[in-house]
Amino acid sequence: MFQGETAITIDDKGRLAIPTSYRDLVERECGNRLVITYNPFEVGCLYLYPMPVWEKVRDEVNKLPRTKKTSRLLQLKLVGAAAFAEPDGNGRISIPASQRNAVGIEKKAVLLGMGDKFELWSEQAHHAQIRQTLGDADLGEDLLGLAL
C-alpha cells in the first residue's frame, strides 16, 4: 500500500530517487519493477504501477474494443506509452524524456502514493489540483456517507 506525498527532484539525467520509505516495498511487492505511463484522466501526471498491478490493468485495457475511440485512447496512453523501470543501486529510476516533456515534469515534481500505484505530478499541475475544492454539488450520494 503506497500512501503519502513526497517532493521529488528530477536530476539532469531524468532520474528520480524512490523515497527510502518505499524502497523495500517496491523490491518486495513489485520485484523491483515498475511501469511508467500516462495518467489518461489528468494533465501533468504520470502513473507508476508495480508490475503485478500493471499486468492486470494492461490486460483489462487491451480487452476493450478497438472500434471505440475512448478504448483506443486508453490503449494509446496506458499501454502504448508504457515504459519499464527498475531502481538502480541508489533507488533511482529513469523517467523517459518523452513522458517528462509531455506532462511538464522538469526539476521539481511530487510523488503521491495512491494505494496500488504512485502518481508523479509536475509541481505546477499538483499545486493546481490541491487548490481545487469540492462543494456540495460535487458530492454524489455515494460520497455523502464518508466519514472524513
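Q: Which residues sit on the face of helix 1 turned away from its buried side?

A: Let's start with the terms. Helices (H or I, at least four residues) and strands (E, at least two) are DSSP runs, numbered from the N terminus. Buried means under 20% relative accessible area, exposed over 50%, and partly exposed in between (1.4 Å probe, protein chains only). In this structure, the face of helix 1 turned away from its buried side carries the exposed residues T20, D24, E27 and R28. This is a predicted model, where local features need pLDDT of at least 70, side-chain atom pairs count only at pLDDT 80 or more, and totals for chains, interfaces and linings use all residues. Residues are numbered from 1 along each chain as its sequence is written, and side-chain values use heavy atoms, with hydrogens and water left out.

Q: Which residues of helix 1 are buried, and what covers them?

A: An α-helix has 3.6 residues a turn, so residues three or four places apart point the same way. Here, the buried residues of helix 1 (residues 20–30) are Y22, L25, V26 and C30. They span an arc of only 105° around the axis, which puts them on the same side of helix 1; the arc is that of the directions from the helix axis to the C-beta atoms. Their cover includes strand 1 (2–9), strand 3 (34–38), strand 4, helix 2 (51–63), strand 7 and strand 8. Just after helix 1, G31 takes a positive phi of about 60°.

Q: Which way do the residues of strand 8 point?

A: F118, L120 and S122 point one way and E119 and W121 the other way, and all are buried. Strand 8 covers residues 118–122.

Q: How do strand 7 and strand 4 pair with strand 8?

A: Two strands pair if DSSP finds at least two bridges between them. Strand 7 (residues 108–115) pairs with strand 8 in the antiparallel sense over five bridges, and a hairpin joins the two through two residues. V110 stands opposite W121 in strand 8. On strand 4 (residues 45–50), the pairing with strand 8 is also antiparallel, over four bridges, and L46 has L120 as its bridge partner.

Q: Is L46 buried or exposed, and what does L46 touch?

A: L46 is found in strand 4 and is buried, with a relative accessible area of 0%. Contact means heavy atoms within 4.5 Å. Not counting residues up to four places away in sequence, L46 touches residues including I36, Y38, I95, V103, F118 and L120. L46 and W121 are 75 residues apart in sequence and 6.5 Å apart in space, C-alpha to C-alpha.
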